[in-house]
Amino acid sequence: MTQGERRRYLIGSLAQERRETVTVPTTEQEQKRLLRALFNVRPPMPCDAEFLREQDAYLREETRQKGVTDLAGLAPIRPAVYLWQGDITTLRCDAIVNAANSQMLGCFCPNHGCIDNAIHTYAGVQLRLACAGLMAKQGYDEPVGQATLTPAFNLPCRYIIHTVGPTARGRLTEQDCTLLRACYRSCLVLADEKRLESIAFCCISTGEFHFPNKKAAEIAIRAVAEYKAETKSEIRVIFDVWKREDYEIYSRLLGGDRKAESRT
């Protein structure tokens, strides 16, 4: 199948699964938005092998067309520390960090711009099902500041480490800062436990959870530095940012404007 044929097949299959009649748009961009929306609202449940085969082929080709960035091609801004601006779903490293919600099932809002939505979309429907299994076994919502690992499925990285960051409500508190530090440390501990060699952090809690960007960056950089100094961990850490504002903040704090990497 071509990408267009796969896209129409996936839209039809998901609509049939929902017992809905869906008119497939004529333009490629509108079709992509509809398919992503159907992925986003699909509950965690198994699907047949043919659907998974076509979905996997479609998502991997979409990521290939966006362009995959390999950690091996990036230059460190500090020893074993990297700053990169780009789409974390296109980054090839051992693990990327997802800023999850407490249900750990991804974002159900169609075409939402959060990182949780993007990661679940391009990993494929297997990720939501895997997370649902972990949560059913756990029996309670994911606590803030902890970390959980899943396969990455169709993403170019090997694993996804999910962490729930604190929500900043009004004036920032010391508890908010402590919990955000815990997110970074928990992810690093888990990555080292799994013998991973690299981990890419998004800007945890700065989007929908309203944590101030500069303070969040200060906490992130300090938490990683303290962990590496304390444990002598050799894990390579990528600070991945999407917004220009965060790129400039991290670049200043890390002291390497000329060495930072940008895809935009």
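This is a predicted model: local features need pLDDT of at least 70, side-chain atom pairs count only at pLDDT 80 or more; totals for chains, interfaces and linings use all residues.
**View 1. Cys 93 and its closest cysteine sulfur, in Cys 157.** Let's begin with Cys 93, which is buried at a relative accessible area of 7%. Its sulfur lies 5.8 Å from that of Cys 157, and this is too far for a bond. A disulfide would need the two sulfur atoms within 2.5 Å.

**View 2. Cys 109 and its closest cysteine sulfur, in Cys 107.** Here the separation is 5.2 Å, again too far for a bond. Cys 109 is partly exposed, with a relative accessible area of 38%.

**View 3. Helix H7, residues 213–231.** With 19 residues at 1.5 Å each, H7 should span 27 Å, and its end C-alpha atoms agree, being 27 Å apart. Its buried residues include Ala 216, Ile 219, Ala 220, Ala 223, Val 224 and Tyr 227. Among the buried residues you will also find Asn 213, Glu 218 and Lys 228. The buried residues of H7 pack against helices H6 (174–193) and H8 (244–254), along with strands S7 (198–201) and S8 (236–241). Just past the helix, look for Lys 232, which takes a positive phi of about 60 degrees.

**View 4. Phe 239 in the largest nonpolar core.** This core has 74 residues, and Phe 239 is among those touching the most other members, together with Ile 96, Leu 155, Ile 199, Phe 201 and Tyr 250. Beyond its neighbours within four places in sequence, Phe 239 is in contact with residues including Val 81, Trp 84, Phe 201, Tyr 250 and Leu 254. Its contacts also include Ala 220, Ile 221 and Val 224, which are buried residues of H7.

Notes
Residues are numbered from 1 along each chain as its sequence is written. Side-chain values use heavy atoms; hydrogens and water are left out. Helices (H or I, at least four residues) and strands (E, at least two) are DSSP runs, numbered from the N terminus. The expected span of a helix is 1.5 Å times one less than its number of residues. Buried means under 20% relative accessible area, exposed over 50%, partly exposed in between (1.4 Å probe, protein chains only). Contact means heavy atoms within 4.5 Å. A nonpolar core is a set of buried Ala, Val, Leu, Ile, Met, Phe, Trp, Tyr and Cys residues joined through side-chain atoms within 4.5 Å.
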